[in-house]
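Good morning. I will go through one structure today, starting with a pair of helices and then moving to a single helix. Please look at the screen.

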Amino acid sequence: MAVYTKHPASTPPAAPVREKTGHLMLRGWCIFVLFMALSGTAWINAIGQLPTAVVTIAGGVLSLGLWFAVRPPVQWRRLPWFTMAYVLWAALSIIWSQWREATALTLLLLGITTLQALFIGSVLTWREVIRATSAALKWVLALSLIFELWVALFVRVPLLPGFVPRTEPVDPILYWSRNNLFDEGRIQGIMGNANLLGPVALLAIVVFAIRFAAGAAGRVLLGGWIVLADYLFYRAASATAYVAAAAVVIVLVTVLLMRRARRPGERTRYYIGFAVVGLGGAAAFWLLRDTIFAALGRSTDLTGREMIWQAVLDRAMQRPVLGWGFSTPWITSDPAFDGWILDHGQSVMQAHNVWIDVFFQLGAIGVALLAMAYLAYIWRSWFFAVDRPRWDLRADRPYSPLTLLPTLVGAILLVQGLAESSPLLLWGWLFLVMLPFKMKQSPHIGEGAAELRIAIERGELTTRAS
């Protein structure tokens, strides 16, 4: 005889909510976009400039089409306006640019990178942004190690761009891989530049550690990825990345101490203490720079950077307000840059300093706009990290490790920008746009338009998650 009951034990458990295939594919595309930005010059070294340009433009068009198809809710009044003003000023510089073709070409790259940053920030949640960044970084690190291993085991000689082995020695600056994996030299990864690999490996350490602290699945495997990132960071031996790592540690310790503050005024003492330590450390670094650079195996002029800075500043002072016209990077095929500043016989493509480069290209107005963009980003990311998530009277919600990402990335970009211009393009610029945009759209982890849209798609209750 059949027996019927309403006891909960008789109800079969519901299957977990599965992500829609369309959203999985969308997230996969975002991972590819992040990989393109993080791998940087690897594409040019592998397939050449023209195919790379085609892939970049096609990627931008596809993302724009997906944006219109998905139609994620966006609060357009909450854009990173200082960053957008910088992009607009760069676009206006084509009017007075002394190299209009280079300006037009690099403006296209700037526009596509900005579009991709806004696209990713609007269609992914905070957790998905960090998860997608983690996946893209894994691809960059794994391919870098496999690439260097392949060169060491099978090619056995340095490799030029285009997969061309080089048996006769040339200037090492030309090599895609120097075949240094099994000796004591610096390795360059798929980017072909140790000064690009080092900061990316540092970013990977930060992202993987944040996911590990947040209790992501597969923490043992994640620990292995941290070890790989540490190894590549060490083997890249980038002095700029080492200084950036020190800045990341200082910022992280400061944030964690700020989170421990319980009484009014307690944070003020921390601010004063760390300001003294920071200024004292900067002064000591400057006074002992010869000793520090010698210990890092670098020349006291930062491997010729001071000569480059002086040459760029001399030219920038001729047009200090408007600048000479946007071109990031410098297009060395243009007569204005071809042979202007040489390094190891090669035309230099950047000023090796963000602020000097912007002053040269966009004048004092461009510097002011970028400074305000950075200030707004650092300000917002700092309180995003140190303040508890709060949208009502409850003030005891737990902190999330995920909120550390923007401020730690900001530390990397600021330090890297002192010796490289790379924060002005590729992953540096993408993160400078994406993270402020995401913080303004979703001021708390689990909150925001993307989170709301995905919750509706999954049929979940649209509650505010802490």
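First, a definition for what comes next: an axis here is a line fitted to C-alpha atoms, for a helix over the stretch in contact, and the angle between two axes runs from 0 to 180 degrees between N-to-C directions. Two packed helices are described by the angle between their axes and the distance between the axes.

Keep in mind that this is a predicted model. The chain has 466 residues, and 49% of them are buried. Its secondary structure comes to 16 helices and 4 strands. Of the contacts between residues at least 6 apart in sequence, 73% join residues at least 24 apart.

Now the pair. Helix H9 covers residues 239–260 and helix H13 covers residues 354–386; their axes come within 9 Å and cross at roughly 50°. How do H9 and H13 lie to each other, parallel or oblique? Angles under 35 degrees count as roughly parallel, and 65 to 115 as roughly perpendicular. H9 and H13 are therefore oblique to each other.

Which residues make the contact? From H9 they are Val251, Thr254, Val255, Met258 and Arg259, and from H13 they are Trp382, Ala385 and Val386. By class, that contact has 6 nonpolar residues, 1 polar and 1 charged.

Thr240 also sits in helix H9. Is Thr240 buried or exposed? Its relative accessible area is 14%, and buried means under 20%, so Thr240 is buried. Leaving aside residues up to four places away in sequence, Thr240 touches Val415, Gln416 and Ala419.

Next, helix H3, residues 49–70. H3 has 22 residues and reaches 31 Å from its first C-alpha to its last, close to the 32 Å expected at 1.5 Å a residue.

Which residues of H3 are buried? They are Thr52, Thr56, Gly59, Gly60, Ser63 and Trp67. Seen down the axis of H3, these buried residues fall within an arc of 95°, so they line one face of the helix.

What does the buried face pack against? The buried residues of H3 pack against helix H1 (21–39), helix H2 (42–47) and helix H5 (100–123). On the other side of H3, Leu50, Val54, Val61, Phe68 and Ala69 are exposed. Just after H3 comes Arg71, which takes a positive phi of about 50°.

That is where I will stop.

How values were computed: Residues are numbered from 1 along each chain as its sequence is written. This is a predicted model: local features need pLDDT of at least 70, side-chain atom pairs count only at pLDDT 80 or more; totals for chains, interfaces and linings use all residues. Side-chain values use heavy atoms; hydrogens and water are left out. Helices (H or I, at least four residues) and strands (E, at least two) are DSSP runs, numbered from the N terminus. Angles under 35 degrees count as roughly parallel, over 145 as roughly antiparallel, 65 to 115 as roughly perpendicular and the rest as oblique. Contact means heavy atoms within 4.5 Å. Ala, Val, Leu, Ile, Met, Phe, Trp, Tyr, Cys and Pro count as nonpolar, Asp, Glu, Lys and Arg as charged, and the others, Gly among them, as polar. The expected span of a helix is 1.5 Å times one less than its number of residues. Buried means under 20% relative accessible area, exposed over 50%, partly exposed in between (1.4 Å probe, protein chains only). The arc is that of the directions from the helix axis to the C-beta atoms.
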